[in-house]
Amino acid sequence: MTQKLGARSTAASIIVAFGLLLAACSGSGVDQAATEDTSAAPAATDCGDWGIAMHAWVGYTASANVVAEVAKKEFGCNINLATLDEGATTYDAMEAGSVDVVIEDWGGGRWKDWVDRGAIVEVGPNGQEGLIGMYVPKWMADEYPDILDSANLNKYADLFKTPDSGGKGAWLEGPPGYTTIGEKMIEANKLNFKAISTGSEAALIEAMVDGQKNKKPVLAYWWTPFYANALVETARINFPTNDWATPEEASGLTDYPATPLMKLATKKLMDSGSPFATLVKNFQWTNEDQNSVAADIESGTDAAAAAQKWIDANPDKVKAWLG
């Protein structure tokens with residue numbers, strides 16, 4: 001959720017660009033299903049054919065499907081939802097013409113090189129603010145109030161030992177592909193902890209929910225907006241105030257920054273005159289809006305159906321996006 005980061009490749013080969021094009025055309029999982037259901041869509045008008053990059057967390061799926069359903073129903077757009085890794089992979093795909101929109105980017109400006117080359121336009125904030133950090137279940141903050149000061153983490157390291165942590169405290173990291181500076185933080189702050197990947201967002205949620213329910217010590221990468229905050233009460237560990245803009249710059253000594261979540265689009269889309277460009281420009285909603293749709297998706301509702309449920313319940317917000 002995450003800011004989630006990939007390193008910038010030095011060059012995009014023809015093979016890579018072609019591969020990204022195939023990925024954009026295929027989609028996967030719930031996004032593929034949402035893309036293929038065109039029975040209710042009106043005939044295409046002058047809106048055109050456009051691609052939204054799909055990233056791995058359910059909150060992003062919520063935002064992207066709401067925008068896609070509005071575009072299809074209101075403007076007759078043909079929208080493809082293409083599953084891609086966030087960061088450089090997506091930016092290269094935008095430059096190659098495979099996708100046109102990122103609806104929620106946590107990158108804090110990591111797209112600058114692509115903007116400078118004219119491949120990407122920074123459209124503006126989507127109304128949400130993201131905050132990543134290290135969290136414990138709230139019961140721990142109640143029982144050990146000073147644990148929320150990062151300077152005291154080593155004092156409690158033994159509480160977090162697990163069979164996988166090698167005699168150190170277990171520091172549960174975000175799933176692979178999410179932006180994280182956990183290992184930097186452990187090293188820079190000389191913490192007696194070992195970074196351990198949970199392997200998936202679902203496993204991370206399960207660990208935190210179990211920790212709160214059964215009073216088990218858990219220290220985990222967590223964030224907001226995140227629908228799982230409705231499932232468990234957490235408390236954030238306070239590291240020194242953030243002093244970096246992008247993860248590459250992070251020393252590890254300081255915390256993750258609060259980040260306005262940004263919309264990015266290709267110059268081709270924003271110059272097209274398509275009503276989809278207007279929709280992307282005007283789209284804004286809150287953490288609470290996203291969490292409500294994400295919770296429905298996570299409970300088993302089809303992503304497009306969950307999006308339409310929210311659209312039907314919020315006609316005034318949708319009207320404001322249409323321009």
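User: Lys190, buried or exposed?

Analyst: At 68% relative accessibility, Lys190 counts as exposed, where exposed means over 50% relative accessible area, buried under 20% and partly exposed in between, with a 1.4 Å probe and protein chains only. This is a predicted model, in which local features need pLDDT of at least 70 and side-chain atom pairs count only at pLDDT 80 or more, while totals for chains, interfaces and linings use all residues. Residues are numbered from 1 along each chain as its sequence is written, and side-chain values use heavy atoms, with hydrogens and water left out.

User: And what about the phi of Lys190?

Analyst: Lys190 is not a glycine, yet its phi is positive, at about 50°. This lysine sits in the loop between α7 (182-188) and β6 (193-197); helices (H or I, at least four residues) and strands (E, at least two) are DSSP runs, numbered from the N terminus.

User: Which other lysine has a positive phi of about 50°?

Analyst: Lys215 has a positive phi of about 50°, and this residue is placed in the loop between α8 (201-213) and β7. With a relative accessible area of 48%, Lys215 is partly exposed. As background, most residues other than glycine have a negative phi, and most peptide bonds are trans.

User: On that note, where is the cis peptide bond?

Analyst: The bond from Thr224 to Pro225 is cis, with omega near 5°, and Pro225 belongs to the loop between β7 (220-224) and β8 (234-236).

User: Switching topic, how many disulfides does the structure hold?

Analyst: The structure holds one disulfide, a pair of cysteine sulfur atoms within 2.5 Å, and here Cys47 is joined to Cys77 with an S to S distance of 1.9 Å. The pair links distant parts of the chain, 30 residues apart, with Cys47 in the loop between α2 (29-36) and β1 (49-54) and Cys77 in the loop between α3 and β2 (78-83). Both cysteines, Cys47 and Cys77, are buried.

User: What's the handedness of the disulfide?

Analyst: The torsion about the S-S bond of Cys47 and Cys77 is about 90°, so the disulfide is right-handed.

User: What does Phe276 touch?

Analyst: Leaving out residues up to four places away in sequence, Phe276 touches a set that includes Cys47, Cys77, Trp50, Ile52 and Leu269, a contact being heavy atoms within 4.5 Å. Phe276, Ile52 and Trp171 touch the most other members of the largest nonpolar core, which has 96 residues. Such a core is a set of buried Ala, Val, Leu, Ile, Met, Phe, Trp, Tyr and Cys residues joined through side-chain atoms within 4.5 Å. Helix α3 (residues 58-75) gives the largest share of this core, ten residues.

User: How does α3 pack with α11?

Analyst: α3 and helix α11 (residues 287-298) pack at an angle of about 105°, with their axes 8 Å apart. Axes are lines fitted to C-alpha atoms, for helices over the stretch in contact, and angles run from 0 to 180 degrees between N-to-C directions. α3 and α11 are therefore roughly perpendicular to each other, the word for 65 to 115 degrees, whereas angles under 35 count as roughly parallel, over 145 as roughly antiparallel and the rest as oblique. Among the residues that meet are Val58, Tyr60 and Val66 in α3, and Gln290, Val293 and Ile297 in α11.

User: Last one, how much of the protein is buried?

Analyst: Of the 323 residues in the protein, buried residues make up 50%.
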